[in-house]
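Hi,

Here is the structure I promised to pass on.

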Amino acid sequence: MNMQQLLSRVRRADEQYGLIKDGDVVAVGVSGGKDSLALMKLLSEYKRFSPGKFELMGVSIDLKFGGKETDFSPIENFAKEINVPYYIERTEIGQIVFDARKEKSPCALCSKMRKGALYERAKKEGANKVALGHHADDLIDTFMLSLLYEGRLNTFSPKSYLSRTGVTLIRPLIMISESDIAGFAKALPV
């Protein structure tokens with residue numbers, strides 16, 4: 001899928017679910033993976049013609065595993081290239097989860113703390129929305145996991161207001177398959 005086709009799907013998701021409104025400040029949660037990098041690039045292009053005029057930024061959370069800061073310079077360079085302000089939130093999450101708490105099953109706690117740090121940094125930088133790179137395959141996977149392990153029909157919403165943080169979570173890639181994102185992301189200079 002080319003850029004125009006992907007942007008068409010982003011626009012359709014925006015129109016159908018009311019993801020981005022005039023005056024929004026959207027922070028993309030950038031992990032450095034293909035989904036979040038593709039999302040940041042697509043939203044930077046979508047800004048040019050979206051019905052709602054919005055500001056865009058990227059935010060990465062450094063978990064500092066082993067007490068060492070992560071090198072985000074390739075992402076910083078990519079963000080500069082596409083003219084998107086980019087912020088890094090350095091945390092001690094890795095040390096808290098593995099050293100202090102010595103969690104046997106660390107994924108849930110780490111995920112919760114990482115999301116909290118992302119929402120707080122986004123708010124600090126003036127964002128009212130956080131965009132995550134979840135795509136159509138993630139939606140289906142979540143539905144199937146819920147069905148098989150919880151016995152209920154459930155998945156995540158393309159748009160959710162998080163009352164505890166005051167941030168709205170959006171998923172603009174909801175109508176794009178993972179394979180289409182992977183093909184697009186291969187061409188990105190990161």
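Let's start in the sheet: S160 has L169 in β6 as its bridge partner. This is a predicted model, where local features need pLDDT of at least 70 and side-chain atom pairs count only at pLDDT 80 or more, while totals for chains, interfaces and linings use all residues. Residues are numbered from 1 along each chain as its sequence is written, and side-chain values use heavy atoms, with hydrogens and water left out.

**The sheet**

β5 pairs with strand β6 (residues 167–170) in the antiparallel sense, over 4 bridges. Strands count as paired here if DSSP finds at least two bridges between them. Strands (E, at least two residues) and helices (H or I, at least four) are DSSP runs, numbered from the N terminus. As a reminder, strands of a sheet pair through backbone hydrogen bonds, either parallel or antiparallel.

The open sheet has 6 strands in the order β3-β2-β1-β4-β6-β5, and its pairing is mixed. Which strands stand at the edges? They are β3 (86–90) and β5 (159–162); each has a single partner strand, so one side of each lacks a neighbour in the sheet. From one strand to the next, the twist averages 30° (axes are lines fitted to C-alpha atoms, for helices over the stretch in contact, and angles run from 0 to 180 degrees between N-to-C directions).

**Salt bridges**

A search of the whole structure turns up 12 salt bridges, meaning a side-chain nitrogen of Lys or Arg within 4 Å of a carboxyl oxygen of Asp or Glu. For exposure, I call a residue buried under 20% relative accessible area, exposed over 50% and partly exposed in between (1.4 Å probe, protein chains only).

Edge strand β3 comes up in two of the bridges I picked out. R90 forms a salt bridge with E69, with the closest N and O atoms 3.7 Å apart. That pair links distant parts of the chain, R90 being in strand β3 and E69 in the loop between β2 (55–62) and α3 (73–81), 21 residues apart. R90 is partly exposed at 33%, and E69 is exposed at 54%.

R121 forms a salt bridge with E89, and here the closest N and O atoms are 2.8 Å apart. This pair also links distant parts of the chain: R121 is in helix α5 (residues 107–124) and E89 in strand β3, 32 residues apart. R121 is buried at 13%, whereas E89 is partly exposed at 23%.

K34 and D35 also meet through their side chains in a salt bridge (3.1 Å, N to O). K34 is partly exposed at 30%, while D35 is buried at 17%. Together with E178, K34 and D35 are linked in a network of salt bridges.

**Aromatic rings**

There are 2 aromatic pairs. Y46 and F49 are edge-to-face, 5.2 Å centre to centre with 90° between the planes. Y46 and F54 form a tilted pair, with ring centres 6.3 Å apart and planes at 40°. Rings of Phe, Tyr and Trp (its six-membered ring) pair if their centres lie within 6.5 Å; planes under 30 degrees apart count as stacked, over 60 as edge-to-face and the rest as tilted. The ring pairs link Y46, F49 and F54 into a cluster. Y46 is buried at 0% and F54 is buried at 6%, but F49 is partly exposed at 32%.

Cheers
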